[in-house]
Amino acid sequence: MTSSTPQPGAIMLQCQGLTRVYSEGPQDLTVLDQLDLQVRAGERVAIVGSSGSGKTTLLNLLGGLDRPSDGSVVIAGEPLSGLNEAALGKFRNRYIGFVYQFHHLLAEFSAVENAALPLIIRGQSKKAAEQRAMQLLERVGMKARADHKPGELSGGERQRVAIARALVTDPSLVLMDEPTGNLDQTTASTILALMDQLAKESACAFVIVTHDVALAAHQDRVLKLDGGQLVEQVDVTA
């Protein structure tokens, strides 16, 4: 593994023959079927598709939260299949940022503590981690709410904290599941601008699962997940 900043255009994520089959009683359910995907450093890719098409399953496989039935996922040149759970956890902390659809913030921690947690897990001091977290919270418009716990925040505010947490480690790859689902248009525009800046400045790659047509259209490429395969989508309204 290398901790150097990726070169724009270098392959950051590659999966080949990715397959996920679930056993549903006497029958198997194939959600992803020999799927291929390549994402380069600094590239922003939106994935659209109907509910139940397997978009979240795909994100979980790309992030190493689930193991494929077949096929491979390689991030920053590292095959995830070669990592045990402990090594995979360290790898995710170093390379991958997640924005989950349902936030997964810790209720007993404040917004700044939640956002700083990946850095604390990495071994940074609480003070340094929270200073960095505050920078991200300010960029997503949450500086004034940094001391509030998730139960005191609206759904959109919790989403912004989750986005700050995903970006706090300066990841090489960010996986987002409906990142603007709870955001008003102004805040969503702020998040889009931040993503644009990170893609250009640090060659961060983004894979974004969304039903938001405007968000999808803003990305470099739009892919549709259909029948377990990804296909190029020219018209995002289709």
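1. Start with strands β1 and β2. Strand β1 (residues 11–24) runs antiparallel to β2, and 10 bridges join the two. Strands here are DSSP runs of E with at least two residues, helices are runs of H or I with at least four, and both are numbered from the N terminus. Two strands count as paired if DSSP finds at least two bridges between them. One spot to look at is Glu24, which stands opposite Gln27 in β2.

2. A word on what you're looking at. This is a predicted model, where local features need pLDDT of at least 70 and side-chain atom pairs count only at pLDDT 80 or more, while totals for chains, interfaces and linings use all residues. Residues are numbered from 1 along each chain as its sequence is written, and side-chain values use heavy atoms, with hydrogens and water left out.

3. Now the whole sheet. It is an open sheet of 4 strands in the order β2-β1-β4-β5, with antiparallel pairing. The edges are β2 (27–40) and β5 (78–79); each has a single partner strand, so one side of each has no neighbour in the sheet. Helix α1 packs on this sheet, touching β1, β2 and β4, and its direction makes about 125 degrees with that of β1. For that angle, axes are lines fitted to C-alpha atoms, for helices over the stretch in contact, and angles run from 0 to 180 degrees between N-to-C directions.

4. How enclosed is α1? In this helix (residues 55–62), 6 of the 8 residues are buried, so α1 is largely enclosed by the rest of the structure. Buried means under 20% relative accessible area, exposed means over 50%, and partly exposed is in between (1.4 Å probe, protein chains only). The buried residues of α1 include Lys55 and Thr57, along with Leu58 and Leu59. After the helix comes Gly64, with a positive phi near 75 degrees.

5. Salt bridges next. The whole structure has 10 of them, each being a side-chain nitrogen of Lys or Arg within 4 Å of a carboxyl oxygen of Asp or Glu. One pairs Glu85 with Arg67, with the closest N and O atoms 3.2 Å apart. Glu85 sits in helix α2 (residues 85–95) and Arg67 in the loop between α1 and β4 (70–75), so the pair ties together parts that are 18 residues apart in sequence. Glu85 is exposed at 53%, while Arg67 is partly exposed at 32%.

6. Asp170 pairs with Arg132, the closest N and O atoms being 2.7 Å apart. Asp170 is in the loop between α5 (155–167) and β7 (173–177) and Arg132 is in α4, so this pair ties together parts 38 residues apart in sequence. Lys126 pairs with Glu130, with the closest N and O atoms 2.6 Å apart. Both Lys126 and Glu130 lie in α4 (residues 126–139), 4 residues apart, about one turn of the helix. Lys126 is partly exposed at 46%, but Glu130 counts as buried at 18%.

7. Glu130 also turns up around Ala116. Which residues does Ala116 touch, not counting those up to four places away in sequence? They are Ala129, Glu130 and Ala133, where contact means heavy atoms within 4.5 Å. Ala116 belongs to helix α3 (residues 111–122) and is buried, with a relative accessible area of 0%.
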